[in-house]
Amino acid sequence: MTISIGNDHAGTEYKKAIVKHLQDQGYTVNNYGTDTNDSVDYPDFIHPVAKDVESKAVDYGIIICGSGNGANMTANKHQGVRSALCWNKEIVALAKQHNNANILSLPSRFIALPQAIEMVDTFLNTPFEGGRHETRINKIPVTQ
């Protein structure tokens, strides 16, 4: 399984720990995030993740910024992306079960690193339930 990950300066330490965790489990990781704590513009690091997910070049994406909001908003501009801003593993599970989320957005300033790792594991191991939820997510894209 291949995961793309992106982050701004607020998510650098979390990204590094998540990448190591994923690689230790045998995942391939495309790292688009900054590796410094110097201020950067989050869209520059989030769009590449969303493009990978949108084109199905990867299985999932993980994005990290201070509140998770800017990253999440950026990712959700891409068609076919269902990015979920989550703050605990229960919300992560529901985002996968009911919304078939394909990008996990993490708010690094509001969750602890061990919690973030647990949320990543929940994201990658929770299946989509389909059924009535499939009908609903098929109505998400705007068609003109």
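**Conventions.** I number residues from 1 along each chain as its sequence is written, and side-chain values use heavy atoms, with hydrogens and water left out. Because the model is predicted, local features need pLDDT of at least 70 and side-chain atom pairs count only at pLDDT 80 or more, while totals for chains, interfaces and linings use all residues.

**Entry: Asn7.** I located Asn7 in strand S1 (residues 2–7); strands (E, at least two residues) and helices (H or I, at least four) are DSSP runs, numbered from the N terminus. Asn7 is buried at 0% relative accessibility (buried means under 20% relative accessible area, with a 1.4 Å probe and protein chains only). I found its side chain 3.0 Å from the backbone oxygen of Thr34.

**Entry: Ser108.** I placed Ser108 in the loop between strand S5 (103–107) and helix H5 (113–125). Ser108 is also buried, at 6%. Beyond neighbours within four places in sequence, its contacts (heavy atoms within 4.5 Å) include Tyr14, Ile64 and Cys65. Ile64 is also among the contacts of Asn7.

**Entry: the aromatic pair.** Which rings pair, and how are they arranged? I found one aromatic pair in the structure (ring centres of Phe, Tyr or Trp, the last by its six-membered ring, within 6.5 Å; planes over 60 degrees apart count as edge-to-face). Tyr60 and Phe123 form this edge-to-face pair, at 5.2 Å centre to centre and 65° between the planes. Tyr60 lies in strand S3 (residues 60–65) and Phe123 in helix H5, so the pair ties together parts 63 residues apart in sequence. Tyr60 is buried at 17%, and Phe123 is buried at 1%.

Definitions and conventions:
Buried < 20%, exposed > 50% of the residue type's maximum accessible area, 1.4 Å probe, protein only. Polar contact = N/O pair within 3.5 Å; in protein donor to acceptor, adjacent residues only side chain to side chain. Phe/Tyr/Trp six-rings, centres within 6.5 Å; stacked < 30°, edge-to-face > 60°.
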